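Here is a friendly walk through one protein model. Keep the viewer open and follow along from heading to heading.

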Amino acid sequence: MAKKGNLKSVKSRLERAKGGNSPSAAKQSMPTKPYHIENKREKAPIHISNLNEREIAIVERKIRIMGMQEELKRLSPLSGIYRVIKAMATERQLESLLEVITKETRSILTCERCSVFILDKQKGELWTQIAQGIDKDKQIRVSLSAASIVSQCARSARQINIQDAYSDKQFDPTFDRLSGYRTKSILCVPMLNINGDIIGVFQALNKSSGSFSKSDEEWLLALTTVAAGLIEQAQAYLEIEHFVDRTLETLAQTIDKRDPLTAGHSVRVTNYSLLLGKSLEIPETDTPVLRYSAMMHDYGKIGVPEAILWKNGRLTAEEFACVQQHARYTYDLLSNLPFKGKLASVPFVASCHHEKIDGSGYYRGLKGNDIPYLARIIAVADVFDALTSVRHYRNRMPIDKVADIMYSGKGNHFEPKYVSSFFKLPSSQVIRVMESERGLPIKAEAKVFERTSFKRLVELVMGAKAKRQEEGLSKTFEAIYNADLPPNYQPLD
């Protein structure tokens with residue numbers, strides 16, 4: 001970025017260059033040694049004039065560039081606010097929106113760190129999940145009644161600008177001592193909704209040029225005015241999404257509650273599906289479709305008689321045909337719900353979880369890629385959970401046999417890649433979902449499986465030689481897998 005002094009010096013060069021076109025200047029610039037060839041002596045003034053014109057053009061271009069750079073610098077905060085406003089149309093998730101806001105605020109104010117604290121009225125806390133310089137997985141929570149500058153700003157609903165933190169009595173250095181960070185300057189601006197109620201606080205730390213100016217205060221105030229509405233909108237969207245989640249989960253559990261031994265099946269299938277979807281790196285926009293479809297995949301069982309659902313032992317052909325109808329019922333029932341936009345595919349995806357790659361599934365008999373890829377993910381999760389869950393007439397299947405069935409289904413029942421990806425999941429993730437079936441607390445021992453894939457764990461159970469860090473894993477897993485199971489049940493084989 002050019003300074004004003006440099007701009008003046010360039011302008012003076014331009015004036016000197018233009019002066020070179022005067023007769024005296026041209027005369028002075030002529031070579032002192034006489035030319036022996038007449039035509040060269042005649043062309044010399046033209047050559048010098050061309051040089052001066054080129055220099056003038058270069059200098060003028062530099063002046064224009066400097067002027068444009070100064071104008072861009074002046075308008076850069078406006079572009080930051082524009083990007084925040086644009087986020088309203090592209091980001092509905094609160095976390096993503098806060099990330100955009102903090103990034104642009106830091107750029108506008110040229111400071112080290114920015115945070116957006118949201119007020120949780122029920123808990124009387126200010127919290128932020130997006131704080132630059134802090135681990136992304138960690139959340140900062142500050143009591144509204146605390147002595148921190150953020151809390152003071154929220155309570156007073158007034159901006160606070162501190163030029164030297166450690167010389168100001170308002171500043172509490174506790175967080176600095178815990179984090180090792182050195183706070184120098186602070187700018188906090190309250191965020192108010194349309195009714196004038198406090199909903200959060202913007203905090204900027206350590207201005208690069210020393211302390212925050214009045215201009216910084218004005219820009220941050222303008223940014224909070226825009227961001228407050230966006231954050232409230234994102235919070236409302238989050239509440240609606242949570243309501244929909246809870247409503248669909250409750251509907252799904254009404255099916256599970258018909259039989260206490262199948263309770264939790266829909267939630268487990270959902271969690272397995274989401275783990276698998278994440279490992280496959282499915283588009284973020286498809287995640288809600290996967291979640292809702294997995295959660296509601298068995299909703300059609302509400303139309304299957306309990307006498308069939310609860311039957312101990314194998315079903316007759318007629319009974320099995322009745323059970324197969326639940327996929328059709330799922331589609332019919334979910335089609336009555338107002339799924340819109342991307343979610344409009346939920347009824348179809350949910351009803352395809354019993355389709356098979358080779359076309360032998362039900363109820364449509366779809367084959368290969370005609371089956372929605374999200375339904376193929378749910379199919380892996382659904383069968384795995386069925387085999388590893390307790391039923392009326394049998395215990396959990398031994399895990400090595402579960403693996404045999406899953407692997408033998410590759411290419412005929414299941415998408416091969418999806419089975420392989422499922423078994424590559426960390427054992428700890430699979431075990432946590434698996435153990436949630438019985439409402440038991442997660443065993444502390446499950447942590448030892450974080451670095452071991454589920455495939456490797458199965459290999460150890462089947463007798464593979466354990467490495468040093470794997471010793472005892474198979475016994476620990478079997479103790480978890482078989483703990484507190486109903487007596488006198490035979491495992492499914």
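## An enclosed strand

Is strand E5 (residues 186–192) largely enclosed by the rest of the structure, or is it open? In this predicted model, six of the seven residues of E5 are buried, so the strand is largely enclosed by the rest of the structure.

Let us look at its partners. Strand E4 (residues 160–162) runs antiparallel to E5, and three bridges join the two. Within that pairing, Ile-160 stands opposite Cys-188 of E5. E5 also pairs with strand E6 (residues 198–207), again in the antiparallel sense, over seven bridges. Here you can find Ile-186 opposite Leu-205 of E6. E5 and E6 form a hairpin with five residues between them. In the turn of this hairpin sits Gly-196, with a positive phi of about 85 degrees.

## Cysteines without disulfides

How many disulfides does a search of the whole structure find? The search finds zero. Cys-114 is in no disulfide, and the nearest cysteine sulfur, which belongs to Cys-111, is 3.5 Å away.

Cys-114 has a relative accessible area of 1%, so it is buried. Cys-322 has a relative accessible area of 21%, so it is partly exposed; the limit for buried is under 20%.

## Two packed helices

Next, turn to helix H14 (residues 399–408) and helix H17 (residues 454–461), which pack at an angle of about 125 degrees with their axes 9 Å apart. That angle makes H14 oblique to H17, because angles over 145 degrees count as roughly antiparallel and those from 65 to 115 as roughly perpendicular. The crossing of H14 and H17 is left-handed.

Which residues meet where these helices pack? From H14 come Ile-399, Asp-400, Ala-403 and Tyr-407, and they meet Phe-454, Lys-455, Val-458 and Val-461 of H17.

## Helix H15 and its cover

Helix H15 (residues 416–423) has several buried residues: Tyr-418, Val-419, Ser-421, Phe-422 and Phe-423. What covers the buried residues of H15? The cover includes H14 and H17, along with H8 and H13.

## Backbone details in the loops

The peptide bond from Tyr-362 to Tyr-363 is cis, with omega near 10 degrees. You will find Tyr-363 in the loop between helix H12 (346–350) and helix H13 (373–387).

Phi of Thr-110 is near 45 degrees, a positive value in a residue other than glycine. Thr-110 lies in the loop between helix H4 (94–109) and strand E1 (111–120), and its relative accessible area of 37% makes it partly exposed. Glu-281, also a residue other than glycine, has a positive phi near 55 degrees. The loop that holds Glu-281 is the one between helix H8 (265–279) and helix H9 (287–295). With a relative accessible area of 68%, Glu-281 is exposed, because the cut-off for exposed is over 50%.

Terms used:
Residues numbered from 1 in each chain as written. Predicted model: local features only at pLDDT ≥ 70, side-chain atom pairs only at ≥ 80, totals over all residues. Heavy atoms only, no water. Buried < 20%, exposed > 50% of the residue type's maximum accessible area, 1.4 Å probe, protein only. Helix = DSSP H or I, 4+ residues; strand = E, 2+ residues; numbered from the N terminus. Pairing = 2+ DSSP bridges. Disulfide = S-S within 2.5 Å. Axes fitted to C-alpha atoms, helices over the stretch in contact; angles between N-to-C directions. Parallel < 35°, antiparallel > 145°, perpendicular 65-115°, else oblique. Left-handed = near helix turned anticlockwise from the far one by under 90°. Contact = heavy atoms within 4.5 Å.
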